[in-house]
Amino acid sequence: MTKRKALTRREFGLLIIQQDGKCGCGCGKKLDFTKPRRVVDEHLVPLFSLGSNDLSNRALWDADCSKAKTSGESGGRAKVRRFEQNKTQAEKRKRNGSKLQSRNQWPPKGSRKIQSRPMRMK
């Protein structure tokens, strides 16, 4: 996974101009630059989903919109982290030597076998 790269002042200014001072999520909210930490730099395609640090993949979002986006991505980010650390279910089976067992068995144990009967012609 690519490491996050901070925006330079020039890039930050370019994004403000491109977005006309509005939130990059599309809600139309004006960004408030007077209060600290109200404007967040977001990746449009997250880094864990093979996004890049290019300026074309970045946008300035309001802090509230950013929280919603980040919480929605938490499951995907955790899944990527598990794969990177080899903590998937399949890797655990390989390490422990256990095999995958099927739960569905047909015919069910203890059931009678179905016997076919010859067809009668009339």
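Which helices each supply at least two residues of the positive patch? The legends below take up this question, along with other parts of the predicted model.

**View 1. Overall layout of the protein chain.** The protein chain holds three helices and two strands. Read from the N terminus, its elements follow the order α-β-β-α-α. Of the 122 residues in the protein chain, 23% are buried.

**View 2. The patch of positive charge on the surface.** The patch gathers K79, R82, K87, K92 and R95. At least two of its residues come from α2 (63-84), and at least two come from α3 (89-96). One of the patch residues, K92, is found in helix α3. K92 has a relative accessible area of 39%, so it counts as partly exposed rather than exposed, a word kept for values over 50%.

**View 3. Helix α3 and the residue after it.** Helix α3 has eight residues, and the number buried is zero, so the helix lies largely in the open. Just after α3 comes G97, whose phi is positive, at about 80°.

**View 4. S66 and its contact with E42.** S66 has its place in helix α2. Its relative accessibility is 5%, and S66 therefore counts as buried, since the cut-off is under 20%. The side chain of S66 is joined to the side chain of E42 by a polar contact of 2.4 Å.

Conventions. Residues numbered from 1 in each chain as written. Predicted model: local features only at pLDDT ≥ 70, side-chain atom pairs only at ≥ 80, totals over all residues. Heavy atoms only, no water. Patch = residues over 30% accessible without salt bridge, like charges linked within 9 Å, V, L, I, M, F, W, Y side chains within 5 Å. Areas by Shrake-Rupley, 256 points an atom, 1.4 Å probe, with all protein chains shown as cover. Salt bridge = Lys/Arg side-chain N within 4 Å of Asp/Glu carboxyl O. Lys, Arg positive; Asp, Glu negative; His and termini not counted. Charge placed at Lys NZ, Arg CZ, Asp CG, Glu CD. Helix = DSSP H or I, 4+ residues; strand = E, 2+ residues; numbered from the N terminus. Buried < 20%, exposed > 50% of the residue type's maximum accessible area, 1.4 Å probe, protein only. Polar contact = N/O pair within 3.5 Å; in protein donor to acceptor, adjacent residues only side chain to side chain.
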